[in-house]
Amino acid sequence: MNQSTGTSYAKIILIGEHAVVYGQPAIALPVRALQLKATLTPRRDRQRLIESTFYRGHLEVAQFPFAGIAALIDALQAFFGASTQGFDLRIDSQLPPERGMGSSAATATAVIRAWYAAYETPLSRSALLDWAAVSERAIHGNPSGLDAATTSATAPQWFVRGQAPQPIAFPTSGALVIADTGTMGQTKAAVASVAAKLKAAPAQYQPLITGIGAAVATARTALAASDLPRLGAALDESQRALHALGVSSAALDRLITAAHSAGALGAKLTGSGQGGCMIALAQDARTARRIATALTTAGATAVWTHQFAESEALV
Ligand code: MEV
């Protein structure tokens, strides 16, 4: 084992969360301003020590939310025939945890890259996504794979469960304002609550899943045509369905209303919801600043702006 590093990014789901678990498409983008870095240093003894904001201590006794990553590391060590190799693993993250920004998938991606680099082994995209599924399954139960696909990408992604993610072009104008409610989202619980609703009353809830899929298709057409008002309408349409599925929250709804009042073309929760972050679509940088101020006034604990031009440059 050599000393090594692995990096990944925060992700924002533009549209399609939850429905993507049931085979509908989704569009998500990496946010390169928010990075996560894993630094792996071999030890002479057998201790396996973790230093991160969500867990600090011996790998063997790691609990939620680090237990899924611990299972992944055990599997990686077995794969490299080095189960008794001691190490220090340091994780430096700019991502807020459990806010719908893909913190767990970003951690998995950076850890997998660090391990492959430590053993000087080439890593294909599909192998990376297979490895990330190990910890994502342990953490989330039934992950679509969207989070791992996006946190490991450098360009916006069109994603359908079970298929290879495709880079997708974005307009050069427009911006997303991202705001944190300051409350934790609970991906596993939110995904399970949607599953329970679909089981109990499919006639009521299945059309919402299909409706989100249709809004994602509209968003794709709008992105290709640089039609931001149409994109905004698709975001609003998906938020109505997510609200009806029970995954919004009072804090998310308050920020979404504030964004609309400040001139957003559309606004919705992002990620699993029931807390976490929301996004608002702004026509231009000036409107984005106005929306950001309104969101802070409405109680957002953090606000970021992502210009679409940053995404386009990466395709
Ligand atoms: C979580 O970031 C996104 C969800 O659609 C779950 C998943 O895709 O695995 C809610």
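**View 1. Residues around the ligand.** In this predicted model, the ligand is surrounded by Lys 11, Ile 13, Glu 17, His 18, Val 20, Val 21, Pro 143, Ser 144, Asp 147, Val 191, Gly 271 and Ser 272. The place where the ligand sits is the largest pocket.

View 2. Ser 144 takes part through its side chain, where an N or O atom is 2.6 Å from an oxygen atom of the ligand. For Asp 147, a polar side-chain atom lies 3.0 Å from an oxygen atom of the ligand. The ligand taken alone exposes 290 Å², and the protein buries 97% of that area.

**View 3. The ligand shell and the two domains.** The domain assignment divides the protein chain into domain 1 (4-159) and domain 2 (170-314). Both domains supply residues to the shell around the ligand, with at least three residues drawn from each.

**View 4. Domain 1 against domain 2.** How many Å separate the centres of domain 1 and domain 2? Taken over C-alpha atoms, the centres are 24 Å apart. The contact between the domains takes 32 residues from domain 1 and 43 residues from domain 2.

Note on methods:
Residues numbered from 1 in each chain as written. Predicted model: local features only at pLDDT ≥ 70, side-chain atom pairs only at ≥ 80, totals over all residues. Heavy atoms only, no water. Near = heavy atom within 4 Å. Polar contact = N/O pair within 3.5 Å; in protein donor to acceptor, adjacent residues only side chain to side chain. Areas by Shrake-Rupley, 256 points an atom, 1.4 Å probe, with all protein chains shown as cover. 1 Å grid on protein atoms, 1.4 Å probe; cavity = no way out; pocket = protein on both sides within 12 Å on 5 of 7 lines; lining within 4 Å. Sits in = over half its atoms within 2 Å of the grid points. Domains from an automatic or database assignment. Contact = heavy atoms within 4.5 Å.
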